[in-house]
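Let's take a friendly walk through a protein chain together. Have a look at the sequence and the model first, then read on.

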Amino acid sequence: MKKNRWFLRMLVLLALSGALNMTVSFAAEAGSSGDPLVTLSYLNDTFLNTVLQKVDQKIAARNSQIAQQLGGQGGTGSAATFTVVTLSSGQTLTGDIGCEVMLRVGSASCVSPSSPGLIDETTAGTLNNGGALVQNHLYMMTIEGRGVKAAAATTKLLVRGTYTIA
């Protein structure tokens with residue numbers, strides 16, 4: 001009979017311990033300050049996306065700042081793909097060897113200390129110093145010191161390659 005009481009006491013104590021354990025488990029919320037467990041899915045799905053969005057915003061803000069600086073007072077730039085560059089009247093874009101430009105809006109002329117100035121890739125011809133660029137023709141700088149001078153108040157060019165604006 002004493003053995004049964006011991007067994008009964010152990011069973012009741014085990015049941016109370018289990019109930020207390022379940023209560024504490026349900027009270028603690030996963031991911032809270034009481035349970036700071038971070039899962040891989042949270043890192044991949046939520047946290048990483050948040051960080052990437054913030055990085056994209058900072059890059060866009062910095063690119064915008066650089067574009068304003070280039071458009072306003074000169075500078076340098078480089079583009080692996082075509083980029084829109086806006087020049088004011090009198091500003092000159094000088095490209096490195098291999099730089100390509102296409103006149104989209106306004107008017108501009110070739111700036112070159114010697115012949116040939118620019119290579120017109122559209123017609124396979126050349127454009128010498130002072131010659132007017134034709135809209136939608138693609139020009140390439142094949143010798144250093146070649147460039148394009150804006151003649152209109154607003155001149156927009158598509159540019160691919162390394163260039164400076166003065």
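## A walk along the chain

Ala124 sits in the loop between β5 and β6. At this spot the residue has a positive phi of about 65°, although Ala124 is not a glycine. Ala124 also counts as exposed, at 71% relative accessibility; exposed means over 50% relative accessible area, buried means under 20%, and partly exposed lies in between (1.4 Å probe, protein chains only).

A word on the background: this is a predicted model, where local features need pLDDT of at least 70, side-chain atom pairs count only at pLDDT 80 or more, and totals for chains, interfaces and linings use all residues. Residues are numbered from 1 along each chain as its sequence is written, and side-chain values use heavy atoms, leaving out hydrogens and water.

Now for the overall plan. The chain has 2 helices and 9 strands, following the pattern α-α-β-β-β-β-β-β-β-β-β along the sequence. Here helices (H or I, at least four residues) and strands (E, at least two) are DSSP runs, numbered from the N terminus. Of the 166 residues, 24% count as buried. The chain exposes about 11,200 Å², with carbon and sulfur atoms supplying 60% of it; such areas come from the Shrake-Rupley method with a 1.4 Å probe, and for residues only the protein chains shown count as cover.

Asn136 is another residue with a positive phi, about 70°, that is not a glycine. Asn136 lies in the loop between β6 and β7, and Val134 lies in the loop between β6 (125-127) and β7 (138-140). Leaving aside neighbours within four places in sequence, Val134 is in contact (heavy atoms within 4.5 Å) with Leu103 and Tyr139. In the loop between β4 and β5 (118-120) you can find Pro116, which is joined to Ser115 by a cis peptide bond with omega of about -10°.

The table gathers some residues by their accessibility.

| Residue | Relative accessible area | Class |
|---|---|---|
| Phe47 | 45% | partly exposed |
| Val134 | 40% | partly exposed |
| Asn136 | 42% | partly exposed |
| Cys99 | 1% | buried |
| Cys110 | 1% | buried |

Which residues have the most contacts inside the largest nonpolar core? They are Leu93, Val101, Leu118, Leu133, Val148 and Val159, in a core of 19 residues. A nonpolar core is a set of buried Ala, Val, Leu, Ile, Met, Phe, Trp, Tyr and Cys residues joined through side-chain atoms within 4.5 Å. Its largest share, 4 residues, comes from β9. In soluble globular proteins, nonpolar side chains tend to be buried together.

Some nonpolar side chains form a surface patch instead: Val38, Leu40, Tyr42, Leu43, Phe47, Val51, Val55 and Ile59 make one of about 710 Å². Phe47 is found in helix α2 (residues 40-73). Patches are made of residues with over 30% relative accessible area and no salt bridge, with like charges joined within 9 Å and nonpolar side chains (Val, Leu, Ile, Met, Phe, Trp, Tyr) within 5 Å.

Finally, the structure holds 1 salt bridge, meaning a side-chain nitrogen of Lys or Arg within 4 Å of a carboxyl oxygen of Asp or Glu. The side chains of Arg160 and Glu100 form it, at 2.6 Å from N to O. Arg160 lies in strand β9 (residues 154-165) and Glu100 in strand β3 (residues 100-105), so the pair ties together parts 60 residues apart in sequence.
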